[in-house]
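Trainee: I have a chain open and want to get my bearings. Can you walk me through it?

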Amino acid sequence: MKKRVLSGIRATGRLHLGNYMGAVKGMLELQDNPEYETLYMVADLHTVTTPYKVEELRKNRREVVLDYLAAGLDPEKSILFEQSDSPHAELAFYLSSVVNIARMQHLPTFKDKVKQHPNNVTMALLNYPVLMAADILIYKAGLVPVGIDQEPHLEVAREIARKMNETYGTDFPEPVRFATRGEYVPSLTGEGKMSKSIEGSYINLTDDLETIQKRLAGAPTDSGKGEKIPTSGGVFNLLKFVELFEGIDARKKYEQAYRGQGIAYRELKENLAQAIFNELKPIQEKRSELERKTSYVDEVIKRGAEKARKIAKETVLEVKEKMGLSFN
Ligand code: AMP
């Protein structure tokens, strides 16, 4: 049997370079490997763990599918679906019976969200990692292409798999992360990671050249020369972008310049904007084609849901039986 792969992106708006480099690139690589059966979802249920607007969610669930298809995910090779169309929430409830509340409260990802939304510390937010474990385990997926920020959640998924197997005799694999070169895309602000919720931190997949130039213009720099290459902050992050989009040799050239005659940041940002845009342009062209193919996209979502549900229902039934919740 082929090994299963599961990944997803929340339906909170347009995808940014962090999502693309950290998750979608890995999804694409595994989709083209015949050893794997790949399932990629729009994590719409995860979207309701933080404050959201109903109309926007309705729209964004579809936007992510368009982004997936535009980036090259292929419904002939991968099952593309909406998380809420498959019984993940039901499995999450069963799994929650082996999860300790304190373990969830101490996760750094939970603490970050509590800081961001102090008035919305809900059960859904606390359950985020349990739902993510359900996303993966419901397909018995062993490999998960996601960014490095998701590692604490994968650890929880492994703990839950072990606990369920020990307690109820299930056969869940312990899922591991599939890392890409862009597993951590830094923020344009010079601090932390690129994130949809931090204005000025991101470049969207749909940004045109001018917008990319503008966003990069805001990235902090320094005098351009010195004995030591910075190991954090704006310049470090810019060099990381150079490495990701222009290659390691280009990065080395700038590092040499930093120690010597100095870096001209205007030129660096100009070249970088062009390199990023070159990668995004074919995705944007395909996206505008897809925006016109409404019934095709509807069909992809419908067929994806049927296929995902079929596998997921079997696992839910098995878990119910093993937990004593059905006759057999
Ligand atoms: P989210 O938008 O939080 O649902 O994230 C969707 C996927 O994008 C997850 O696999 C994240 O790990 C990944 N991701 C988000 N931001 C970044 C980033 N700055 N660098 C690398 N991967 C990221």
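This is a predicted model: local features need pLDDT of at least 70, side-chain atom pairs count only at pLDDT 80 or more; totals for chains, interfaces and linings use all residues.

Trainee: Which domains does the assignment give?
Mentor: Domain 1 (3-183 + 294-322) and domain 2 (209-289). Those bounds come from an automatic or database domain assignment. The C-alpha centres of the two lie 32 Å apart. Their contact takes 14 residues from domain 1 and eleven residues from domain 2. Contact means heavy atoms within 4.5 Å.

Trainee: Cores next. Which residues touch the most other members in the largest nonpolar core?
Mentor: Leu-17, Phe-245 and Leu-272, out of 62 residues. A nonpolar core is a set of buried Ala, Val, Leu, Ile, Met, Phe, Trp, Tyr and Cys residues joined through side-chain atoms within 4.5 Å. Buried means under 20% relative accessible area, exposed over 50%, partly exposed in between, with a 1.4 Å probe and protein chains only.

Trainee: Where does the largest share of that core come from?
Mentor: Helix α13, with ten residues. The core draws at least three residues from each of domain 1 and domain 2. Another core, of 41 residues, lies apart from it; Leu-91, Met-104, Leu-126 and Leu-131 are among its members.

Trainee: Back to Leu-272. What is it in contact with?
Mentor: Leaving aside neighbours within four places in sequence, Leu-272 contacts Leu-216, Leu-238, Phe-241, Val-242, Phe-245 and Glu-246.

Trainee: Now α12. How many residues does it have?
Mentor: Twelve, residues 248-259. Helices here are DSSP runs (H or I, at least four residues), strands are E runs of at least two, and both are numbered from the N terminus. α12 reaches 17 Å from its first C-alpha to its last, close to the 16 Å expected at 1.5 Å a residue. The expected span is 1.5 Å times one less than the number of residues.

Trainee: Which of its residues are buried?
Mentor: Ala-250, Arg-251, Tyr-254, Glu-255, Ala-257 and Tyr-258. Seen down the axis of α12, these fall within an arc of 160°, so they line one face. That arc is taken from the directions from the helix axis to the C-beta atoms.

Trainee: Why would a pattern like that come up in a helix?
Mentor: An α-helix has 3.6 residues a turn, so residues three or four places apart point the same way.

Trainee: And which are exposed on the other side of α12?
Mentor: Asp-249, Lys-253, Gln-256 and Arg-259. The cover over the buried residues includes α11 (233-246) and α13 (265-292).

Trainee: Glu-243 is in α11. Buried or exposed?
Mentor: Buried, at 18% relative accessibility. Not counting residues up to four places away in sequence, Glu-243 touches Arg-181, Ile-248 and Arg-251.

Trainee: What about α9?
Mentor: α9 covers residues 151-168, and its 18 residues should span 26 Å; the end C-alpha atoms are 25 Å apart, which agrees. Its buried residues include His-153, Leu-154, Arg-158 and Met-164. Gly-169 follows α9 and has a positive phi, near 75°.

Trainee: Switching topic. How many aromatic pairs are there?
Mentor: Two. Rings of Phe, Tyr and Trp (its six-membered ring) pair if their centres lie within 6.5 Å; planes under 30 degrees apart count as stacked, over 60 as edge-to-face and the rest as tilted. Phe-81 and Tyr-139 have ring centres 5.7 Å apart and planes at 70°, so that pair is edge-to-face. Phe-81 sits in strand β3, and Tyr-139 in the loop between α8 and β4, 58 residues apart. Phe-81 is buried at 2%, and Tyr-139 is buried at 0%.

Trainee: And the other pair?
Mentor: Phe-93 and Tyr-94, also edge-to-face, at 6.4 Å centre to centre and 70° between the planes. Phe-93 is exposed at 61%, whereas Tyr-94 is buried at 11%.

Methods: Residues are numbered from 1 along each chain as its sequence is written. Side-chain values use heavy atoms; hydrogens and water are left out.
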